Amino acid sequence: MPPIKHILVIVDPTSEVQHCVEKGASLARACGAELELFVCDYESGLLVSSGLPDDVVQSALQQRRLQLGEQLRLLAEPLRRDGLQVHTDCSFHERL
């Protein structure tokens with residue numbers, strides 16, 4: 001079996017406690033793997049089809065992306081200080 005090089009952890013942006021991040025970090029340490037923290041967010045009010053002007057939707061999406069990025073940064077920073085290589089990413093889709 002090939003060695004595990006990357007571990008993907010889905011972060012729930014609505015939860016204050018992220019047990020999956022702790023488990024993923026433990027696995028990454030044990031395997032010497034990189035860790036990716038990923039959020040998939042969806043808010044129907046932030047769709048172009050919601051009837052809002054496109055610039056308003058884009059601005060709201062940008063603001064939400066910044067909020068999610070900060071949440072991921074706060075999760076990733078202590079792991080990086082512990083020596084893990086951690087990547088973060090977020091996407092906006094109805095289904096994960």
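Here is a short tour of the structure, stop by stop.

**Before you click.** This is a predicted model, where local features need pLDDT of at least 70, side-chain atom pairs count only at pLDDT 80 or more, and totals for chains, interfaces and linings use all residues. Residues are numbered from 1 along each chain as its sequence is written, and side-chain values use heavy atoms, with hydrogens and water left out.

**Whole chain.** Show the cartoon: you get 2 helices and 3 strands, in the pattern β-α-β-α-β along the sequence. Helices (H or I, at least four residues) and strands (E, at least two) are DSSP runs, numbered from the N terminus. Of the 96 residues, 28% count as buried (buried is under 20% relative accessible area, exposed over 50%, partly exposed in between, with a 1.4 Å probe and protein chains only).

Select 6–10, 34–41 and 86–92. They make an open sheet in the order β1-β2-β3, with parallel pairing (two strands pair if DSSP finds at least two bridges between them). β1 and β3 stand at the edges with a single partner strand each, so one side of each has no neighbour in the sheet. Between β1 and β2 there are 5 bridges; zoom in on His6 and you'll find Glu34 of β2 opposite.

**The helices.** Now pick 19–31: helix α1 lies across β1 and β2, at about 175 degrees to β1. Next take 54–81, helix α2, which touches β2 and β3 and makes about 160 degrees with the direction of β3. Those axes are lines fitted to C-alpha atoms, for helices over the stretch in contact (heavy atoms within 4.5 Å), and the angles run from 0 to 180 degrees between N-to-C directions.

**The salt bridges.** How many salt bridges does the structure hold? There are 3, each a side-chain nitrogen of Lys or Arg within 4 Å of a carboxyl oxygen of Asp or Glu.

- Show Asp41 and Arg64, whose closest N and O atoms are 2.7 Å apart. Asp41 sits in β2 and Arg64 in α2, so the pair ties together parts 23 residues apart in sequence. Asp41 is buried at 8% relative accessible area, and Arg64 counts as buried at 18%.
- Move to Arg29 and Asp82, at 3.6 Å, N to O. Arg29 is in α1 and Asp82 in the loop between α2 and β3, 53 residues apart. Arg29 is partly exposed at 43%, while Asp82 is exposed at 56%.
- Finish with Glu70 and Arg73, 2.7 Å between their closest N and O atoms. Both lie in α2, 3 residues or about one turn apart.
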